[in-house]
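Good morning, everyone. Please look at the structure on the screen while I talk you through it.

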Amino acid sequence: MRLRTVLATATAGLTAVTCLTLAVTVPASAAPAPRDAAGRPTANACSPYADLDGFSDALDETTFDGLDVGNLSGLSVDRGGRIAAVSDRSVLFDLDVHQGGGAPRATVAAGMPIADENGGQLDSEAVVVDHDGTYLITSETEPSIRRYDRAGHLVGRLPVPSYLQVAPAGRAQSNLTFEGLTLLPGGHTLVASMEESIAGDDQDLTRLQTWNRVGDSDAFTLGRQYGFRLDPGLGISEIASTGDGRLLVLERGFTAGFGNTVRLYAADLRGASDTSGITDLTASSGARLIRTTLVADIGRCPSLGATARQPQPNPLLDNIEGLTVTGRTPDGRLRLLMISDNNDNPEQVTRLYSLTVRLPRR
């Protein structure tokens with residue numbers, strides 16, 4: 001992923017898992033307590049729809065089996081309520097988020113990076129654990145989506161439209177391709193999000209590609225494609241299924257001297273045009289885009305005592321790239337887990353965030 005400059009103004013059906021609890025330090029504040037949509041005071045409100053439950057820096061600057069636990073870009077709920085976390089360097093960690101703020105328990109393939117067909121290293125950005133326990137993992141270099149077994153062995157690869165390939169093979173920009181991945185309810189539709197636009201499309205429009213399968217087969221075929229309007233200067237870093245057919249879409253960007261901008265949207269695919277047959281996705285193409293509702297600007301969340309090593313509009317912020325839905329509360333709100341990618345930068349942090357989200361009405 002290439003960090004972009006932005007102006008300062010500028011999941012499958014949910015599995016019942018143990019609720020995530022992260023240790024936090026809540027600072028005293030003389031400011032009036034925020035209130036939720038029902039007018040109830042809440043100290044952790046980011047917006048009327050979202051509360052920050054906590055954060056943990058327990059993974060920051062740590063190692064496991066001699067491997068740096070960093071560059072983490074994708075999260076997915078795995079067996080037993082654990083979390084599969086993939087790094088840009090294609091190392092797949094098994095995180096126990098119920099102990100120590102996300103302590104690794106193991107790595108897939110004995111810590112060796114997962115590889116392409118020729119044994120070459122990938123630039124992995126997102127992971128989905130399929131119904132049979134295999135891993136679907138994106139690489140944004142080509143881009144690609146490959147399937148790996150529980151030992152990290154390559155067992156398959158999905159087709160990708162030629163124009164979504166990185167130039168000169170296609171029209172995509174290098175390192176700005178398949179940054180997000182999720183399965184819709186039932187596990188029959190896979191969705192990948194392009195981080196930013198391809199050549200010929202408007203710069204504020206990007207594409208979400210789907211794949212479909214019949215039954216429990218692991219073979220996916222190309223499906224519909226949808227257009228998504230980006231906030232100025234931001235790109236999609238992750239997507240997650242909400243369980244009701246919608247998506248959560250995480251957008252983020254970076255401005256030197258200012259810091260990160262991170263926003264979470266609810267996205268409704270209903271009524272959106274199939275853009276797979278539209279050569280140039282522009283304002284004049286007539287395509288109906290995905291409808292979105294802002295769920296939270298993460299910079300407006302309470303900092304809860306977080307610190308930053310570089311300028312940030314909120315010290316809580318960093319380069320948040322991973323997102324997954326870990327379960328529901330008794331009243332139906334979604335529990336989310338997010339993670340930041342430290343980019344091997346000593347001024348950045350590997351940070352886990354837990355949020356509770358009430359989806360906006362459709």
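I'll start with the whole chain, then go on to selected parts.

One caution: this is a predicted model. The chain has 362 residues, and 57% of them count as buried. There are 22 strands and zero helices. The accessible surface is about 14,200 Å². Carbon and sulfur atoms account for 50% of that surface.

Now the disulfide. The structure holds one. Which residues form it? Cys46 and Cys301, with their sulfur atoms 2.0 Å apart. The link is right-handed, with 110° about the S-S bond. Cys46 sits in the segment before strand S1, residues 50–56. Cys301 sits in the loop between strand S19 (291–297) and strand S20 (320–328). So the pair ties together parts that are 255 residues apart in sequence. Cys46 and Cys301 are both buried.

Next, the nonpolar cores. The largest has 28 residues. Which of its residues touch the most other members? They are Leu248, Ile298 and Leu336. Several strands give two or more residues to this core, including S1, strand S17 (247–255) and strand S22 (352–357). S19 and S20 are also on that list. Take Ile298. Beyond its close sequence neighbours, those within four places, Ile298 contacts residues including Val262, Leu316, Met338 and Leu355. A second, separate core has 17 residues. Among them are Ala126, Ala172, Trp211 and Phe220.

Ser76 lies in strand S4, residues 72–77. Is Ser76 buried or exposed? Its relative accessibility is 8%, and the cut-off for buried is under 20%. So Ser76 counts as buried. Its side chain reaches the backbone nitrogen of Val129 at 3.1 Å. Ser76 also touches Arg82 and Thr324, among others.

Ser217 is in a loop, between strand S14 (205–212) and strand S15 (221–229). Ser217 has 32% relative accessibility, so it counts as partly exposed. The side chain of Ser217 reaches the backbone nitrogen of Ala219 at 2.9 Å. Now find His188, which is 29 residues from Ser217 along the chain. The C-alpha atoms of those two residues are separated by 9.2 Å.

Now a hairpin. Strands S10 (residues 144–148) and S11 (residues 154–157) run antiparallel. How many bridges join S10 to S11? Three. Arg147 stands opposite Gly156 in S11. Five residues lie between the two strands of this hairpin.

Last, some backbone details. Most residues other than glycine have a negative phi, and most peptide bonds are trans. Here are some exceptions.

The peptide bond from Glu142 to Pro143 is cis, with omega near 0°. Pro143 is in the loop between strand S9 (135–139) and S10. The bond from Ala167 to Pro168 is cis too, with omega near 10°. Pro168 is in the loop between S11 and strand S12 (178–183).

Asn175 is also found in the loop between S11 and S12. Asn175 is not a glycine, yet its phi is positive, about 65°. Its relative accessible area is 27%, so Asn175 is partly exposed.

Glu61 is not a glycine either, and its phi is about 55°, again positive. Where is Glu61? In the loop between S1 and strand S2 (62–64). With 63% relative accessibility, Glu61 counts as exposed.

That's the tour. Thank you.

Methods. Residues are numbered from 1 along each chain as its sequence is written. This is a predicted model: local features need pLDDT of at least 70, side-chain atom pairs count only at pLDDT 80 or more; totals for chains, interfaces and linings use all residues. Side-chain values use heavy atoms; hydrogens and water are left out. Helices (H or I, at least four residues) and strands (E, at least two) are DSSP runs, numbered from the N terminus. Buried means under 20% relative accessible area, exposed over 50%, partly exposed in between (1.4 Å probe, protein chains only). A polar contact is a pair of N or O atoms within 3.5 Å; within protein, one must be able to donate a hydrogen and the other to accept it, and residues adjacent in sequence count only if both atoms are side-chain atoms. Accessible areas come from the Shrake-Rupley method with a 1.4 Å probe; for residues, only the protein chains shown count as cover. A disulfide is a pair of cysteine sulfur atoms within 2.5 Å. Contact means heavy atoms within 4.5 Å. A nonpolar core is a set of buried Ala, Val, Leu, Ile, Met, Phe, Trp, Tyr and Cys residues joined through side-chain atoms within 4.5 Å. Two strands pair if DSSP finds at least two bridges between them.
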